[in-house]
Each structure stands twice: as C-alpha cells, then as structure tokens.
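Thank you all for coming. I would like to walk slowly through one structure today, beginning with the ligand and then moving out into the protein around it.

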Amino acid sequence: MSSKIGHVFSGIRPTGHSHLGNYLGAIKNYVALQDEYECVYCIVDLHALTTVEDTLDLRQNTYEMALDLLAAGIRPEETILFVQSHVPQVTELHTILSMVTPIGKLTDLPTFKEKARQQPHNVNYGLVGYPVLMAADIVLYKTDIVPVGVDQAAHIEFTREVVRSFNYRYNTNVLIEPQMKNTEVPKVLGIDGKEKMSKSLDNHIEIAAMPEETRQRVMMMVTDPQRVKRSDPGNPDVCNVFSLHMILTPAEDAAMINVECRRAGIGCVDCKKLFAGNLNKALEPFRARRADLAQNPTAVWDVLHNGSRRARTIAEQTMVEVREAVGLP
Ligand code: ADP
C-alpha cells in the first residue's frame, strides 16, 4: 500500500526549453510534491498544437522538456512522466466533457481572449476547447491537487465547474474536483518587468541555457523605471530583479541590496551582475544533471514510454467508469 496522501497532476507544453517562470511557478512544486503525493506529470503536446503551427520541432521539444523535468528532480521510478498524445483516452473524455460545457464560458475566459489577440490569424477550435482538454487531463487521473502558476487559476476553476456539471448531469460522483496549488512565486515577470514571463513574448530566461546567455538576458532586465541615472536612488519594491534576488540570492546579500539600492549605493548594472551570478550558481546542478541525461536519449524516451503505459492503465480505468456513468453502450 502506498503511504502517499493524494493525487497530483500537471501538464506542461513542449514549446522549447523551460524558463524561470515555468521553473519557479510550477516545476519546483512538481518536484516537492513527489514526497507526499502520487504524481502524474504530462508533456502536453496536443495542447501545444493550439499555438504551434510548425510542428517540425515538436518531437525534439518534447524530449527537451523531459530532460528539463528529469534534471529538475522528477523521479520516474515513482512519478509518472508521460506524453499527452500517448494516452488517447484524454481525447475521448474531452469530447464527453464538451457536452456539459457552455460555449460562452470558454469564449469568456481571459486566457482565450489573450491568445486570440496574440494570434488573430489562427483562432482555432482547439484554442477555444483548450480548457476542456485540460480538464479531461486532470480528471482522468482522479487528481486532488494541480500545481500550476497563477495564470492557470481560471482553468482550474473551470475544471471544477465541469466536474460539478458532469456529476450532476449523470447523477454520479466518478469525477473529482481538483484544488490548485501555487508555488511561493505564482507569477514570475519577464525581463521586460511588465508581462508574465513567457516564451511566446520572448521575455524569458531559459533555465538550460549556457551561463553567458543567462548573464546577457539578465543584463537586459528592466529595473525600477523611475531610476534613470546611476546616482538616482532606486525602489526595490517595484523592481523585478530585486523580486528575483529575494528568491535566489542569499538573504544577507538581498538585505544589503534592499538598503543600498534605496540610497544609490549599488547601481542596477552591479545588482544585475550579482543576480546573474547567483542564478547561474543556483542552476549549476540542474544543468550538470541535464547534460548527463542528454548522453542517453534512448533512456529518456524509455522513461516517457513507460510513463505513458502506466498513465494509459489509470486513464482506461477512469474511462470505464465514465462510459458507464454516461450510459454509453
Ligand atoms: P508558457 O506560458 O511559457 O507557454 P506553459 O503554458 O506550458 O508555459 O506553462 C507551464 C507551467 O508553468 C504552468 O503551470 C504555468 O502556470 C507555469 N508558468 C508559465 N509561465 C509562468 C510565469 N511567468 N510565472 C509563473 N508560472 C508560470
């Protein structure tokens, strides 16, 4: 018998290398939750299709994401790590859940509106149905907890509503309402200091990059906009570099910056150099493990195939209950 206290599920899109937002907002939680929960983590390649038109890199990006997750500390002997499209049951459940989903609810979601604004030439049906597919993924694994960034809050709330509608419509309790779990940094801002860090906005800092590239990205970060000259005092409370210092820099140094910035004792350039150094240092073990894992791509694919097999078994069990509840012959 497992001593774990519940079920965790989360999905991450294979859109290239992970960034600091993914890491601090989600992956860090993925790793920590393994100690207490049965975890299922999914590389959501089908979800990626809603925004990625050129799929040439999809396989490679799926592999790269697996490397990121394993190097970050996902333990595939206990945790299930798999590829979304390898478990076709999710598309069946997506169809069934779509019948208890009012269209207006989907088109009203801020996440949908934002994507439609970002890619007006490609407002596809999949983009509208994104949260339904996400809900299907979550409930297939009888999930209690979903570790995600705060940008996903509306999707988790939507999932809870769909579960309630389904259970009510079919007079059942086979589907479980999940809870969202944020990290202590639920929203990481991009190097522009304004928008959420995201690959599609090109304001991200890749965690698997070479140290020099990381340094260059950090040096591009926007700080307190009111601080124009080196001699101007700054305000760490509105500075994105400082907010990251608070997470990744030893407390003593962060306290020093907090004081010195306010009296122009330290300039933004030095502050960023310090941060780049600390960030590179914090990422060193991750990068070393990643390089190690990359020596054996077959072993990484084996992890994914094995995970997909385990995921399919759970998914099929849930689908037997769902088909029964719906009354499908
Ligand atoms: P992206 O937004 O870069 O395309 P995904 O949509 O695949 O990344 O998100 C993967 C996970 O990372 C989700 O749980 C999401 O909430 C989290 N995440 C993404 N960007 C950020 C961010 N800037 N801050 C906090 N969490 C984030």
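A nitrogen atom of the ligand lies 3.2 Å from a polar backbone atom of glycine 21, and that is a polar contact, by which I mean a pair of N or O atoms within 3.5 Å, where within protein one must be able to donate a hydrogen and the other to accept it, and residues adjacent in sequence count only if both atoms are side-chain atoms.

Before I go on, please keep in mind that this is a predicted model, in which local features need pLDDT of at least 70 and side-chain atom pairs count only at pLDDT 80 or more, while totals for chains, interfaces and linings use all residues. Residues are numbered from 1 along each chain as its sequence is written, and side-chain values use heavy atoms, with hydrogens and water left out.

One of its oxygen atoms is 2.6 Å from an N or O atom in the side chain of arginine 13, and a polar side-chain atom of asparagine 22 is found 3.2 Å from an oxygen atom of the ligand. Of the 530 Å² of accessible area that the ligand has on its own, the protein covers 96%; such areas come from the Shrake-Rupley method with a 1.4 Å probe, and for residues only the protein chains shown count as cover.

How many residues surround the ligand? There are 17, and the closest are Arg13, His19, Gly149, Asp151 and Val188, where a residue is counted as near if one of its heavy atoms lies within 4 Å of the molecule or strand in question. By class, this shell has six nonpolar, six polar and five charged residues, with Ala, Val, Leu, Ile, Met, Phe, Trp, Tyr, Cys and Pro counted as nonpolar, Asp, Glu, Lys and Arg as charged, and the others, Gly among them, as polar. Helix H1, residues 20–33, gives the most to the shell, with four residues; helices (H or I, at least four residues) and strands (E, at least two) are DSSP runs, numbered from the N terminus.

Let me turn to the aromatic rings. A search of the whole structure finds five aromatic pairs, and the rule is that rings of Phe, Tyr and Trp (its six-membered ring) pair if their centres lie within 6.5 Å, with planes under 30 degrees apart called stacked, over 60 edge-to-face and the rest tilted. Phenylalanine 9 and tyrosine 141 are a stacked pair, because their ring centres are 5.4 Å apart and their planes are at 0°. Phenylalanine 9 belongs to strand E1 (residues 7–12) and tyrosine 141 to the loop between helix H7 (125–140) and strand E4 (145–147), so this pair ties together parts that are 132 residues apart in sequence. Phenylalanine 9 is buried at a relative accessible area of 3%, and tyrosine 141 is buried at 3%, where buried means under 20% relative accessible area, exposed over 50% and partly exposed in between, with a 1.4 Å probe and protein chains only.

Another stacked pair is formed by tyrosine 30 and tyrosine 41, with ring centres 4.3 Å apart and planes at 10°. Tyrosine 30 sits in helix H1 and tyrosine 41 in strand E2 (residues 38–43), so here the parts tied together are eleven residues apart in sequence. Tyrosine 30 is buried, with 1% relative accessible area, and tyrosine 41 is buried, with 1%. Ring pairs also link Phe9, Phe82 and Tyr141 into a cluster.

Now the cysteines. How many disulfides are there? The count comes to zero, taking a disulfide as a pair of cysteine sulfur atoms within 2.5 Å. The sulfur of cysteine 39 has its closest cysteine sulfur 14 Å away, in cysteine 42, which is too far for a bond, and cysteine 39 is buried at 3% relative accessible area. For cysteine 261 the closest cysteine sulfur is in cysteine 268, at 6.2 Å, again too far for a bond, and cysteine 261 is buried at 11%.

Finally, two backbone details. Asparagine 171, in the loop between helix H8 (153–169) and strand E5 (179–181), has a phi near 50°, a positive value in a residue other than glycine, and asparagine 171 is exposed at 72% relative accessible area. Alanine 264, in the loop between helix H11 (251–262) and helix H12 (268–293), has a positive phi of about 55° although it is not a glycine, and alanine 264 is buried at 17%.
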